[in-house]
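Subject: Structure for your review

Dear colleague,

Please find the structure we discussed below. My notes on it follow.

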Amino acid sequence: MKSKFDSSADLGTVISINGSVLKVEGFQDQSVGDMVNIGEGLNIIGEIIKIVNMVAIVQCYEETFGLELNSKVENYHYPLSMELGPGLLRTIYDGIQRPLKTLSHLSGDFLSRGIRAPALDREKLWNFQPTVEIGDYVTEGDFVGFVKELSQKHQIIVPPGIKGKIKTINSGEMVVEDCAYTLQLEDDSIKEFTLITRWPIRNARPYKKRFLPNKPLITGTRVFDLLFPVAQGGVVAVPGGFGTGKTVVQHNLAKFADADIIVYIGCGERGNEMADLLNSFPNLMDPKNNLPLMDRTIMIANTSNMPVSAREASIFSGITMAEYWRDMGKNVLLLADSTSRWAEALRELSGRLEEMPTEGGYPAYLATRLSNFYERAGLVQVLGKFKRMGSITIVGSVSPPGGDFSEPITTNTKRFVKAFWALDAKLAYSRHYPAVNWLDSYSLYNEVAKYWDDEIQEGWQKSRTVVNTILSKADQLESIAKLIGTENLPPNQQLILYVSTVLKEGYLIQNSFNDNDRYSSPRKTMELIELFIQFYKSSLKLIKLGVPVFRFKQMVCLHKLRRARLDYHSKDISNISELELEMRQEFESLEEQYVELT
Amino acid sequence: MAISYTKISSVMGPLLYMKPIPNHNIKNGSIVRIQTRDGDIRTGQVLTVSRELVVIQVVEGTFGMSLGTTKITFLDDIFRVGVSREMMGRRFNGLGEPIDGGDPILPEELLDINGEPMNPVCRAYPRDVIQTGISSFDTLMTLVRGQKLPIFSGQGLPHNKLVAQIVNNAKVLSKEPFVTIFCGIGLLAEQSLYFQKKFEEQGATRVISFINLASDPTIERLLIPKIALTTAEFLAYKQDMHVLVVLTDITNYAEALREISNVKGEIPARKGFPSYMYSDFANIYERAGRIKGKKGSITQIPVISMPNDDISHPIPDITGYITEGQIVLSRDYHQQNIFPPIYPLSSLSRLMKDSIGGDNTREDHADITSQLYACYAKALEARELESIIGKESLSDNDKDYLTFAEYFELYFINQGESERSFESSFNVAWRLLSIMKKSELIRVKKENIHKYYIENFDPETFTKEKAWKRHIRE
């Protein structure tokens with residue numbers, strides 16, 4: 001985006017300034033969504049959001065202090081778009097894709113107004129290796145070659161809506177703006193293509209066909225993987241009041257989730273929290289392949305004190321970058337922390353436009369905008385000749401005011417998501433992390449059961465049912481136990497109460513500061529739960545022989561079982577068979593004692 | 001070029017409306033000087049501007065402005081405040097002008113009071129502690145340099161006394177320069193005098209006060225935190241100082257925000273507060289922090305008196321979402337004459353975990369914190385049990401917990417106006433923990449128990465006043 005303000009530009013004049021909303025008249029041509037550059041010397045970025053009686057209503061992405069009435073405004077005649085190409089990974093952007101590191105070289109520790117920098121490094125050399133030949137016929141979504149970007153093979157894709165014959169193709173070292181290939185289009189004209197494509201953030205990138213998500217996205221967190229699974233291409237909401245650990249859940253997903261690419265959007269959250277993530281992330285390694293985690297990550301940091309319009313744009317910027325990687329056939333995980341801050345930005349802008357508010361002051365189109373965002377997730381067959389699948393999974397946190405889940409953002413979000421991980425202040429208060437409430441949370445991604453049982457580990461579906469039954473029964477029993485005392489319940493019910501406590505402490509709680517516990521591989525998740533179930537079933541059997549519940553509480557193997565999550569690293573989980581054996585023997589000897597008695 | 005007007009079209013509350021002269025390129029946010037009929041000079045700021053209408057917000061209010069004779073001059077500049085190292089120990093009003101009768105400040109720099117957002121990649125994660133001199137605060141919710149940690153209070157609770165104590169006693173443990181900025185928003189005249197007196201008792205050379213009284217113009221309440229924080233940024237990032245900014249009371253700020261928003265005819269959101277209150281608060285709170293490669297830091301303690309003690313009210317709720325923890329004052333404690341009435345179980349400092357321990361405070365700090373929390377939580381359960389079944393029926397262990405809770409409240413929380421270093425706070429904590437059996441202290445490392453646990457400790461020691469006082473001084 002270069003500013004010209006010369007005779008070739010389409011110039012308008014500011015006739016009204018109200019906060020970040022301007023009225024501009026005098027453009028020769030204008031359409032909703034056009035980007036504009038405001039005020040010579042100031043270079044404020046803005047977007048036309050409405051046109052009323054030939055007057056453009058412009059929303060600014062920066063402060064308007066010091067802007068003069070009658071200032072000139074240049075219309076760029078294209079919508080807010082993302083630059084897509086090699087160099088996205090490892091980069092930290094603001095809400096409108098300005099690279100924050102580069103900006104800090106230009107304007108120091110604080111973000112000055114009007115500074116610009118290209119989203120992709122213009123000087124870095126990439127080794128472009130073509131995979132098509134001159135004369136090949138290519139259409140939208142086809143790969144013409146690739147560059148190696150960190151550990152990823154970054155495919156160069158024919159942009160949507162283009163088809164033609166390869167006229168020339170280059171190879172070897174080039175910068176992003178160099179010509180990579182030219183196409184002879186259907187009207188015989190020749191078009192040049194670089195390594196960069198642009199895409200407007202408000203439009204979803206096209207794909208061929210949508211599929212029902214059926215493959216689980218392994219999160220490395222037991223309570224999610226077992227009880228509330230999310231599928232690749234699925235959508236999850238994580239609501240919770242302040243202090244319930246939303247951000248820790250999001251950070252853990254960014255670190256351990258089994259996705260090719262992570263897009264992390266810090267949307268209107270704390271600067272210090274973002275600093276923590278930005279400082280710690282570059283030193284972290286992917287537990288699966290020992291590559292730096294940053295190598296698969298794109299970050300957007302638009303903290304709460306950065307301009308509110310850019311906050312509103314940030315989640316759409318993020319999903320556009322996610323779609324670009326999806327189109328290469330990758331599984332992308334998009335983390336948005338927090339969608340409530342985004343909705344508040346929407347409310348703030350709507351207020352400035354003097355629109356009629358609805359519930360909670362939010363504009364009537366809140367639900368539409370939310371669905372525009374969440375509906376861009378999914379498992380799809382991407383464009384291109386070959387059948388390639390790609391997916392975008394969205395995990396959005398929600399920060400309901402006062403922790404009240406009946407407010408508009410939470411209720412509207414619930415309409416678009418199929419999994420709901422409700423974080424509970426009470427659990428967080430008793431240091432039960434992740435503070436996922438097992439009664440309020442749900443997941444409708446039942447299709448993943450088959451994949452788990454067939455491809456990962458058998459028995460997932462069964463174990464899940466047992467755990468769910470124990471937890472929900474225990475919850476009913478607890479209220480009775482409070483009235484009549486636990487010891488007055490029948491032994492099998494006492495056992496359920498006890499096992500549910502053990503499950504919560506030894507399985508559902510996961511310590512993100514413990515080296516062995518912070519990541520739980522699917523194998524560990526399953527091996528552990530099978531041991532707990534074995535303990536429950538063996539005890540149940542002995543109860544029928546008259547063994548009192550306190551005897552189980554004293555078992556040596558139980559003590560080890562409760563600590564197993566901390567004692568076994570995912571790598572050495574096969575050693576857990578020793579515990580299994582020990583447990584079997586201890587139960588057998590207990591059984592012998594009682595059989596002799598009777 | 002300054003252009004003057006003499007024709008106002010409407011006056012509403014603190015707002016003036018007028019039609020601009022064609023081709024006058026009025027700057028959004030620029031400052032205007034207003035001269036009334038009586039020769040009174042007032043300051044205003046352009047709020048919105050269009051070809052038909054300029055809206056000017058008058059800081060001192062519009063009372064007595066006549067449509068025909070008021071002269072309005074547009075200065076071609078936005079709101080700036082003059083800052084200087086000379087401000088130390090001085091007192092200023094909501095426009096940054098001295099009100100202590102001293103000489104005017106010769107500014108080293110004139111800065112835009114709105115500041116600019118810090119680039120997230122330039123932020124350094126908060127580290128190192130500030131000692132407030134209050135045991136419960138320092139031990140259980142340690143304040144970290146660069147953190148924003150609000151005090152949630154209620155009407156009638158002694159937050160002003162607590163704030164004065166913090167302002168007088170807060171320090172960094174290193175030899176680095178440290179300054180406190182006290183920003184009073186909508187203070188009652190009596191409160192202001194109280195603070196002034198308290199600060200003077202201590203010499204107050206390390207305190208800069210910005211005072212907006214309840215009787216001062218509403219708009220000044222919106223400007224004063226920005227002026228205080230602009231000064232803080234100058235001292236922290238250009239003069240390498242550690243700055244603690246105390247803002248009291250944010251509730252008055254929010255009320256002013258609502259009042260002005262209402263006059264402007266904006267559409268209200270929750271409880272009539274404007275929809276942009278989250279962003280507006282963030283612009284204040286997020287000015288706390290540290291910058292990579294800079295020595296100074298800005299730490300904030302905002303005070304919020306929760307309307308009707310309701311923590312889900314928009315003011316504390318929005319604050320809680322932006323700040324890194326909270327200090328909650330308890331009405332129960334206050335009624336029992338416990339001062340400072342900081343209720344530990346609902347208070348929290350999110351950033352302390354990385355900054356406490358050997359180098360900064362003491363190696364047993366984390367253990368003490370965690371054990372005190374656990375013991376007190378358990379003790380409260382025992383107390384509840386006691387109220388049902390009576391003390392006689394409790395186990396000896398539970399009785400220990402009851403004793404612990406009693407002394408914890410009386411001698412640890414209820415510290416009065418004395419100042420305690422980290423070291424002496426920890427020593428009090430260990431005496432309390434020594435009331436318990438060793439086997440109950442499951443959150444403390446063995447070596448710390450070995451080093452600090454007092455065998456056969458007699459809680460009566462606490463009540464023997466003289467011995468007790470000597471103990472604190474050690």
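In β21(B), which residue is the bridge partner of G325(B)? The partner is S349(B). Please keep in mind throughout that this is a predicted model.

The strand around G325(B)

Strand β20 of chain B covers residues 325–328. Its pairing with strand β21 (residues 348–349) of chain B is antiparallel, over two bridges. Strand β14 of chain B, residues 151–153, is joined to β20(B) by two bridges as well, but these two strands run parallel. There, F152(B) has V328(B) as its bridge partner. Side by side along β20(B), G325(B) and I327(B) point one way, while Q326(B) and V328(B) point the other way. All four of these residues are buried.

The interface of chain B and chain A

The contact between the chains involves 58 residues of chain B and 62 residues of chain A. Together the two chains bury about 5100 Å², and 54% of that is on carbon and sulfur atoms. There are 26 residue pairs in polar contact across the interface, counting pairs with both residues at pLDDT 80 or more. On the side of chain B that touches chain A, the elements giving two or more residues are β5 (41–50), β11 (123–124), α4 (218–238), α6 (277–285) and α7 (314–322). Of these, α7(B) gives the most, with five residues. By type, that side of chain B has 23 nonpolar, 20 polar and 15 charged residues.

Two salt bridges are found across the interface. One of them is between the side chains of K294(B) and D109(A), with N to O at 2.9 Å.

The chains also pair through strands: β1 of chain A (residues 10–18) and β5(B) are antiparallel, over three bridges. In this pairing I17(A) is opposite V49(B).

A residue in a loop of chain B

T70(B) lies in the loop between β6 (54–58) and β7 (71–78) of chain B. Is T70(B) buried or exposed? T70(B) is buried, because its relative accessibility is 0% and the cut-off for buried is under 20%. Its side chain reaches the backbone oxygen of S66(B) at 2.7 Å. Leaving out residues up to four places away in sequence, T70(B) touches Y5(B), T6(B), I8(B), I34(B), Q35(B), T36(B) and M65(B).

Best regards

Note on methods. Residues are numbered from 1 along each chain as its sequence is written. Chains are lettered from A and ligands numbered from 1 in the order in which they are written. This is a predicted model: local features need pLDDT of at least 70, side-chain atom pairs count only at pLDDT 80 or more; totals for chains, interfaces and linings use all residues. Side-chain values use heavy atoms; hydrogens and water are left out. Contact means heavy atoms within 4.5 Å. Buried area is the accessible area (1.4 Å probe) that two parts lose on being put together, summed over both. A salt bridge is a side-chain nitrogen of Lys or Arg within 4 Å of a carboxyl oxygen of Asp or Glu. A polar contact is a pair of N or O atoms within 3.5 Å; within protein, one must be able to donate a hydrogen and the other to accept it, and residues adjacent in sequence count only if both atoms are side-chain atoms. Helices (H or I, at least four residues) and strands (E, at least two) are DSSP runs, numbered from the N terminus. Ala, Val, Leu, Ile, Met, Phe, Trp, Tyr, Cys and Pro count as nonpolar, Asp, Glu, Lys and Arg as charged, and the others, Gly among them, as polar. Two strands pair if DSSP finds at least two bridges between them. Buried means under 20% relative accessible area, exposed over 50%, partly exposed in between (1.4 Å probe, protein chains only).
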